[in-house]
Amino acid sequence: MTTLAGGNALSTFRAQQLQPALEAIHPRISGIAARFVHLVATDAAPTPPELERLAALLTYGDPYAGPGDGTVLIVTPRLGTLSPWASKATDIAHNCGLALRRIERATEFRIQMASSLLGKPTLSAEQQAQVATLLHDRMTESVLFDLADVQSLFSELPPQPMAHVDVLA
């Protein structure tokens, strides 16, 4: 799997809208930023020319200028599903002559905390779960807390045999 950083995924307006709800979870949350992260599953490592074409294909929107630190929450399409974005992006990549299995897009959120006299506060696991609830739709998306866990997006389970079908009379 190859990971390519993408552009800005959160407008200033949307970040300002989220701020009061974030402060209700923890009063020291001072800001939020997000960027897209593109995950490319291939059978072999991409060559430098392929990486260049992938980067050109996946460069869109405003560049990310947010922080590189802070608490990380990664919102992905629901695990075990193929998102419509991935389906279309993979088709486009194939039409561009790129040999890959799938392209998926995740959103990496960074939560900034204001320092205090006692140092920089952190979010508890419960507070992280509350923030995650604000940032994703649990019907169509999953939240991960480490970019290394995104490999689970590409897990393929074998189909199960159909055991029973109800027939309505």
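How many nonpolar, polar and charged residues make up the lining of the second largest pocket? There are seven nonpolar, five polar and one charged.

**View 1. The predicted model carries four helices and five strands.** From the N terminus on, the order is β-α-β-α-β-α-β-α-β. Helices (H or I, at least four residues) and strands (E, at least two) are DSSP runs, numbered from the N terminus. Along the principal axes, the C-alpha atoms fill a box of roughly 60 × 55 × 25 Å. Residues are numbered from 1 along each chain as its sequence is written, and side-chain values use heavy atoms, with hydrogens and water left out. In this predicted model, local features need pLDDT of at least 70 and side-chain atom pairs count only at pLDDT 80 or more, while totals for chains, interfaces and linings use all residues.

**View 2. Helix α1 crosses helix α4.** Two packed helices are described by the angle between their axes and the distance between the axes. Here α1 spans residues 12-25 and α4 spans residues 125-135. Their axes come within 10 Å and cross at roughly 150 degrees. That makes α1 roughly antiparallel to α4 (over 145 degrees between N-to-C directions). The axes are lines fitted to C-alpha atoms over the stretch in contact, and angles run from 0 to 180 degrees. The crossing is right-handed (the near helix is turned clockwise from the far one by less than a right angle).

**View 3. Side by side, α1 and α4 meet through named residues.** From α1 come Arg14, Leu18, Ala21, Leu22 and Ile25. From α4 come Gln127, Gln130, Val131, Leu134 and Leu135. Contact means heavy atoms within 4.5 Å. The residues of this contact divide into seven nonpolar, two polar and one charged. Ala, Val, Leu, Ile, Met, Phe, Trp, Tyr, Cys and Pro count as nonpolar, Asp, Glu, Lys and Arg as charged, and the others, Gly among them, as polar.

**View 4. The largest pocket holds about 270 Å³ of space.** A pocket is an open set of points on a 1 Å grid, with protein on both sides within 12 Å along at least five of seven lines. Lining residues have an atom within 4 Å of a point. There are 15 of them here, and Val75, Pro77, Arg105, Thr107 and Glu141 lie nearest the centre. β3 (71-77), α3 (84-95) and β4 (102-113) each supply at least two. The largest share, five residues, comes from β4. The lining has eight nonpolar, four polar and three charged residues.

**View 5. The second largest pocket holds about 170 Å³.** Its lining has 13 residues, and Asn8, Leu10, Ser11, Thr12 and Ile32 are the closest to its centre. Both α1 and β2 (29-41) supply at least two.

**View 6. One cavity of 30 Å³ or more turns up in the whole structure.** In a cavity, a 1.4 Å probe fits but cannot get out. Thr42, Pro46, Glu50, Leu54, Leu98, Ala99 and Leu100 line the largest cavity.

Methods:
Parallel < 35°, antiparallel > 145°, perpendicular 65-115°, else oblique. Points joined across faces, edges and corners; volume = space filled by probe spheres on them.
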